[in-house]
Amino acid sequence: MGFQKDFVWGAATSSYQIEGAAFEDGKGLSIWDVYAHQPGKVFEGHNGDVACDHYHRFEEDVKLMKQLGIKAYRFSISWPRILPDGIGTVNQKGLDFYSRLTDALLENGITPYVTLYHWDQPYELYLRGGWLNPDSPKWFAEYAAVVARALGDRVKNFITFNEPQVFISLAFVDGVHAPGHKLPRREALSMAHHVMMAHGLASMEIRSIVPDAKIGYAPTSNVPVPVSSDPKDVEAARNAYFRMPENGDWSWNVSWWSDPVMLGNYPEEGLRILEKDLPVMGPDDMKIIHQKPDFYGQNIYRGIPTKAVPGGWETVPHSPGAPKTAINWHVDFDCLYWGVKFLYERYQTPVVITENGMSSHDWPALDGKIHDYARIDYLHRHLRGLKRAAEEGVDVAGYFQWSLMDNFEWARGYNDRFGLIYVDYATQERIPKDSFEWYRNTIMQNGENL
């Protein structure tokens, strides 16, 4: 017993991180096109103007996907590539690119999973207030309808948002992602509400145009991992995952971002703690937001050791010298197990790991190959935990490795390599790493090798 026979094995990317062609074929500006060119915003002045040049090399990349043996490929649409102003006139050349990509995937037996928003908001909409504008949910729904009409005859799996916690919190609370602002809590909460309204309206549009569509939602979380199997520690970790702290740190709270979409209400505890800064909500807002996904995505990379203490829980520092990835993230090999277990208990919806992977110090060895043993070990141990959860009855429907290839890692530029495929950014040569072969073998065995 292990993963179900139709388990979805995939890999993921996003538009700004790999496509390049930032100013070609009628594409409009995104907030990242502008932000990445501001001095001091991105590591060593890097930008995504060319990235992995996937826009021109997608056929080569699809061949590598087929070689890898993935059953599905999760990619995002560049909103300004198909709607240069964010709304209004459609750029047919942009739509044609995604249509060709979709056809190439299907011809190679790979199911497309389309993410509508992976952070590259049209700059023209940002100038109109972006997610702070109460019309922003309607803008997003219009965009979703354009994509559904163009691709819905072939694409049946849609994900509305990738990591809303990140593109609101890091961009508008911490100010380290595009467009790089630090807003009052009241305004950031309003933006978050608009994003969830946008999920609801977009879901309704897609389902009206593509009746057999399956819709997902892909927030993220660092998972509280109990320090022992003692029921008190397990309950402490569960509470730490879902309850909002009294200090009002809402921007990474799982319940705040998922309860409205999955359950149809904000958590009562959060409403109490955040009362003075809550956005104005219309009488139908929650009904609109609660367009429950067919699958619940979650991006999980890290765990946080957690233990029970009198009256609550407490995080435990990692041991000195505990493993870290190249991006300096601590590793907890049980995070996928506990993450999907807790999430499925609460939301009772098939869970898909929409991202998981690690940044490693990769470079070609003297033999020309990339020997990324640490990544293989990371994936093996995380997937073993995911398999354990499936064996215990959690409905785990799929896993998308981040990332198919090395790419532009936002404010960290090209400093971090997460890919199964090495990219030489000077020549655009692609070199499958050792982890590529390991993952291919794991897919072939449906995880029986774990």
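Helices (H or I, at least four residues) and strands (E, at least two) are DSSP runs, numbered from the N terminus. The structure is a predicted model, in which local features need pLDDT of at least 70 and side-chain atom pairs count only at pLDDT 80 or more, while totals for chains, interfaces and linings use all residues. Residues are numbered from 1 along each chain as its sequence is written, and side-chain values use heavy atoms, with hydrogens and water left out.

Helix α5 itself covers residues 92-107. Its 16 residues reach 22 Å from the first C-alpha to the last, close to the 22 Å expected at 1.5 Å a residue; the expected span is 1.5 Å times one less than the number of residues. Its buried residues are Gly94, Leu95, Phe97, Tyr98, Ser99, Leu101, Thr102, Ala104 and Leu105. Buried means under 20% relative accessible area, exposed over 50%, and partly exposed in between (1.4 Å probe, protein chains only). After α5 comes Gly109, which has a positive phi near 70°.

The strands β2 and β3 also belong to a closed barrel of 8 strands, which runs β1-β2-β3-β4-β5-β7-β10-β11 with parallel pairing. From one strand to the next, the twist averages 25°. Two strands pair if DSSP finds at least two bridges between them. Helix α8 (residues 164-172) lies across β3, β4 (157-162) and β5, and runs at about 20° to β4. Axes here are lines fitted to C-alpha atoms, for helices over the stretch in contact, and angles run from 0 to 180 degrees between N-to-C directions.

Attention now turns to helix α10. Its 12 residues reach 17 Å from the first C-alpha to the last, close to the 16 Å expected at 1.5 Å a residue. The buried residues of α10 are Asp233, Val234, Ala236, Ala237, Tyr241 and Phe242, and they pack against β6 (223-226), α11, β7, β8 (303-309), β9 (312-315) and α14. The axes of α10 and helix α14 (residues 335-347) are 11 Å apart and meet at an angle of about 70°. The two helices are therefore roughly perpendicular to each other, a term for angles of 65 to 115 degrees, whereas angles under 35 count as roughly parallel, over 145 as roughly antiparallel and the rest as oblique. Among the residues that meet are Val234 and Tyr241 in α10, and Trp338 and Phe342 in α14.

The loop between α10 (231-242) and α11 (254-263) holds Ser251. This residue counts as buried at 7% relative accessibility. Leaving aside residues up to four places away in sequence, Ser251 touches Gln165, Ser169 and Trp257.

A further pairing joins strand β12 (residues 421-424) to strand β13 (residues 429-432), which run antiparallel with 4 bridges. Asp424 stands opposite Glu429 in β13. This hairpin has 4 residues between the strands, and Gln428 takes a positive phi near 65°.

Methods. Contact = heavy atoms within 4.5 Å.
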